[in-house]
Amino acid sequence: MSETQRIRHGSSIGQPITRRDGPLKVTGQARFAADNHPQGLLHAVLATSSIARGRVTFLDEAAARAHPGVVQVMLPGNRPALAQHPDDKSAPFSFNMDLLQDDRVRYAGQPIAVVIAETLEAATEGAALLAPRYAAEPVEVTLDATSSYVPEAIGVGGPAELRHGDAEAGLQGAAHRIEAVYETPQQFHNAMEPHAVVAAWDGDRLSLDMPTQGFALTQMRLAGLFGIPVENIVIRSPFIGGGFGSKLLAGPQVLGILAARLVGRPVKLVLTRAQMYGPVTHRAPTRQRLRLGAAPDGALLALHHHARTATSRFDDFIEPAANASHTLYAAPAIVTTTDAVRLDTGTPGFMRAPGEASGSLALECAIDEMAEACGMDPLAFRLRNYAEVEPISGKPFSSKALRECYAEGAARFGWEGRKLAPRQMRDADGLLLGWGMGTATFPALMFQAEARAVLRRDGSGLMEAGTHEMGQGAWTAFAQIAAESLGLDLERLELRAGRSDLPNAGIAGGSAHTATAGSAMQAAGEAAIARLTELAVTDPRSPLFGAGNIGVVPRGGRLVRWDDPSRGEDYAEILARAGLEQVEGRGSAAPDPAAAERYAMHSHGAVFAEVKVDPDLGQVRVTRLVGAFAAGRIINPRLVQSQYQGGMIWGLSFALQEGAVMDPRSGRVMNADLAGYHVPVNADIPSVEAILVEEEDRHVNALGVKGVGEIGITGTAGAIANAVWHATGARVRQFPITPEAIL
Ligand code: MOS
């Protein structure tokens, strides 16, 4: 049976169907923003600063202008006026931007001019001819910066300090104590598709081909900056080549839009790979101190998680790393604190599993060290301190199948019988073998979304919502939800997505896109079905007449009596008799404050890692990863597995490879390309297994869906670091782990 046949006879939700956009992607037909070439297109190239702090004193504008093909050079002096200052924060989630407002340089890689030309080559050469001179000032780009401060808020507005119980007393009374400091570096998103825009103005109307994880957010920000109504801005973003949080809002693309304004022609701006280490946010570095105390039986008495992080000199995004300690382990005293330093770097921002990625790394390593101090198996120690309710709030979890994740993951991995002491196992070649584990967690969030559903007289259905396909499978999962909600076979369902002039489907972020936009689609589909039901049950000519609006269910393009599915009729018949071309339903979704008040809502998982370490060279290879995750209802197990695997691979990258190397003198990223900034390639990837642990959640949303996009990166890096210790006896606390740290 083909996949299509299989799902025709049942529910489309839960089926492991392949990506609907797969053929377009592998045949090169999927159109990404930079694939657009409108008539009269010009090319813009950013000139960026090579110093990290100071002023631009000279640019050879004449040389750039004299180059054949160069049409304009945009500088602070001729940049079109904006209706708002680039630092205006009135639109939600705004961050301060560098839009050529003056001659100041605030970080290396900051845009300082834009060259616009008939060809990409001419614009690139023009930008090189600017040969800037600077008045440079001393910089600070590391966490050793001289002065720190306690921020007002961290993450999206949480408190910088949270105190539950008396951690100092708990530590003092503890039989076992550990204190350790873990460091994580700046990381950059490195999406396959760099930030890009094709911008065209028509009077005060703006048309954009631009990858975005949030249509409405981006529209609001641009409307403010340009002083035009939101509805004047149309953004097309059918496909996104990875975003990871960096494409929630327009950043440097605004310079492309300004360039189009300046020259009065459509302009394309695509960042180079090197420029992806500049004005597009990054994961902030952290230095995290964890202090844990436990009773003789291994019960945690106190947990203090302090995170130092960094932000820019001109904005305030603070990575909420210490938040990772709020939910996972039961302890009578849990304290989290944060401080920050201001660096001469770009502003950090949201990057896949912000907070939890680096925070859970430190926490899971510290838990492993504490288990060792207590002489306990790391899994037994975690079970000893299992949080039956959310520790600080005392709220019950809306669902939490973490115990099952531990059990299923451990069984598949073969954890049982693992020796407590390190350096106990070798493979046939004499390599040191080690096993480690970590717990994964990420909040199950809900945002706001709308959707519109249509049932047509030809028996087909349409679902409209401005959702975001960024590689995760949104086209597919949403079509499954839409088809199910409309009681249609998947092949009869048309999904319209990826444009701003559709119902606002919220953001693809916070691992909440499927939960949020999917819930809106579900509601829209139900509304359309309710309208159709009304037509049928009130029509004496219908076999459903008198069945009542709850006596009827949709099934395979028919409405049937639930007590006798043989009695029913096709949607097409109902519409035809009513003389209607279609019926429509609208739906929305939003966070439920009452549910959030009563329940703690998180996804959970357990990751097990095996590493082999060369005892002479210190080289680490991950040979096996097994992750077991519970995230509520699973729309498409194939897509979800791929999200988990991708997340775990990023965890491997976090543990062993990734990190920007900052030059403390120039303030520049020394490895701003994919040759120097290591991310895993196929040869680095061992067997990565993701187990989908069953979990039902009746509280998170109507669909019962929690997030799966970010959790895979959490837990994994810690599991690998702990496996490295188990293999070698070395507690490496500076990431990524390098051979010299092991030897
Ligand atoms: Mo994610 S960091 O919410 O795209």
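Predicted model: local features only at pLDDT ≥ 70, side-chain atom pairs only at ≥ 80, totals over all residues.
**Reading strands, sheets and the core**

Me: Which strand is joined to β12, and by how many bridges?

Reply: Strand β11 (residues 205–209) runs parallel to β12, and four bridges join the two. Within this pair, Leu 206 stands opposite Ile 233. With helix α6 (residues 215–226), β11 and β12 make a right-handed β-α-β unit.

Me: In what order do the five strands of the open sheet with mixed pairing lie?

Reply: The order is β17-β18-β26-β27-β28. β17 (425–426) and β28 (687–692) stand at the edges with a single partner strand each, so one side of each has no neighbour in the sheet. Helix α16 (residues 716–728) packs on this sheet, touching β18 (432–443), β26 (602–613) and β27, and its direction makes about 160° with that of β18. Strand β27 (residues 620–630) pairs with β28 in the parallel sense over six bridges, and Gly 627 stands opposite Ala 690 in β28.

Me: Which residues have the most contacts inside the largest nonpolar core?

Reply: Nonpolar side chains tend to be buried together in soluble globular proteins. Here the largest nonpolar core has 240 residues, and Val 115, Ile 116, Ala 259, Phe 478, Ile 720 and Val 724 have the most contacts inside it. Helix α12 (residues 513–537) gives the most to this core, with twelve residues. Among the residues that Ala 259 touches are Ala 44, Met 74 and Ile 116.

Conventions. Residues numbered from 1 in each chain as written. Core = buried A, V, L, I, M, F, W, Y, C linked by C-beta atoms within 7 Å. Buried ≥ 20, exposed ≤ 12 C-beta atoms within 10 Å, placed from the backbone. Contact = placed C-beta atoms within 7 Å. Pairing = 2+ DSSP bridges. Axes fitted to C-alpha atoms, helices over the stretch in contact; angles between N-to-C directions. Right-handed = clockwise from strand over helix to strand, strands pointing away. Lists of a residue's contacts leave out its neighbours within four places in sequence.
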